[in-house]
Amino acid sequence: VKMDETFRCVTCTAPVNIAVIKYWGKRNEKLILPTNPSLSVTLGQDELRAKTSVAFSSKYTEDRMWLNGKEESVSSQRIQNVLKEVRRRVRKRGAPGGGNEVDTSRHIHIVSENNFPTAAGLASSAAGYACLVYSLCKLYGVQGEISDIARQGSGSACRSIYGGYVLWKTGDLMDGTDSFAEQVAPESHWPEMRSLICVVSDQKKHVGSTEGMQTTVLTSELMQHRVDGVVSQRTDDMIEAIMARDFPTFAKITMQESNQLHAVCLDTYPPIFYMTDTSRLIVRLVHAINDVLGDIKVAYTFDAGPNACLYLLKEDVPRVMGLLRHFFPPAQRNGEPFVTGLPVDEL
Ligand code: 2P0
């Protein structure tokens, strides 16, 4: 933080979170309120993350924003909603220290960058909006619950406000004030937990999450089945598994949730395909590894893209990395991920 009366600048980082209970579907598009609870694991600060600087100055003549080195408009509804909400809270509470010394009429500049591909189903909007909201709140001295502000930028962003294992509550209220994120357990609760991100493609996804989940809610019958109780039950079971550090149960629910998300996408009309042949090879490889080892040692999960996130315990990382490197050698062909023939049958 640098500050004087006319200039203040804050820089923060926020990691990506990867859901094990999936958010897919809104009950209110404007406020970004979900149809069901979701639960995720926030990755470490040194891994996939957004880094954002926000500054206000008496010399700035307009609000401006640069994402990954390129200037973008701040006029998007979501950016505006977030800015408006943060400024409203500054005026309401007065900050810092109860006084009203922060002038919210000053223009701001936002500079943000990710250290991983944007919009390839790697939760870039989650890290990006969490980081923006957290930085703005630091800049203006806003305190208290802020995950509901991040939620209004991108639903999954509310979970990246906290580390460790994080629940996003559906909430019952129409105004969304009870739909925010809550830490279920800190990262230190399960120190052996590891994740491996397998980048199958860094291309942008063919259907964005926002649009995809809208079509799902309108057309999928299977989606109703999820909302009717499947997800709530799985959320309770997942919290129990996390509290007990029961990896096989954690892993099984994670894989079943990922599979049901992609089944719901297939049940959407017209259908949405996020997983590719390579993604499915990873699924087969994980099940083959678990079969050979005689217990569930690895779990996969896929979001709105073909890239896999594997969850496993520290002691199994060398073995699983060895198998992944064997079946998916890191050699590159024209910059494309290189995949061997029918690997899983070899096991
Ligand atoms: C999740 N995803 O729980 C799920 C799993 C993708 C698949 O949250 O419209 O980018 O901005 O609220 O947060 C992606 O949805 O969508 C997402 P918006 P968001 O992580």
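**The open sheet and its surroundings**

Modeller: Strands β3 and β6 run antiparallel and are joined by 4 bridges; helices (H or I, at least four residues) and strands (E, at least two) are DSSP runs, numbered from the N terminus, and two strands pair if DSSP finds at least two bridges between them. The model is predicted: local features need pLDDT of at least 70, side-chain atom pairs count only at pLDDT 80 or more, and totals for chains, interfaces and linings use all residues. Residues are numbered from 1 along each chain as its sequence is written.

On to the next pairing: β6 and β11 are antiparallel over 5 bridges, and Ser38 has Trp168 of β11 as its bridge partner. Strand β11 (residues 164-168) is in turn joined to β12 by 4 bridges, again antiparallel, with Val166 partnered by Gln183 in β12.

Together these 4 strands make an open sheet in the order β3-β6-β11-β12, with antiparallel pairing. Its edge strands, β3 (17-21) and β12 (181-185), each pair on one side only. From one strand to the next the twist averages 35°. Helix α5 (residues 221-243) packs on this sheet and touches β3, β6 (38-42), β11 and β12, its direction making about 115° with that of β3. Contact here requires C-beta atoms, placed from the backbone, to lie within 7 Å; axes are lines fitted to C-alpha atoms, for helices over the stretch in contact, and angles run from 0 to 180 degrees between N-to-C directions.

As for burial, 5 of the 5 residues of β6 are buried, so β6 is largely enclosed by the rest of the structure. A residue is buried if 20 or more other C-beta atoms lie within 10 Å of its own, exposed if 12 or fewer, and partly exposed in between, the C-beta atoms being placed from the backbone. Ser38, Ser40 and Thr42 are buried on one side of β6, and Leu39 and Val41 are buried on the other, so that both faces are covered. Over the protein chain of 347 residues, 41% count as buried.

The setting of the sheet is a protein chain with 8 helices and 17 strands. Among contacts in the chain with a separation of 6 or more, 72% are between residues 24 or more positions apart.

Terms used. Two residues are in contact if their C-beta atoms, placed from the backbone, lie within 7 Å.
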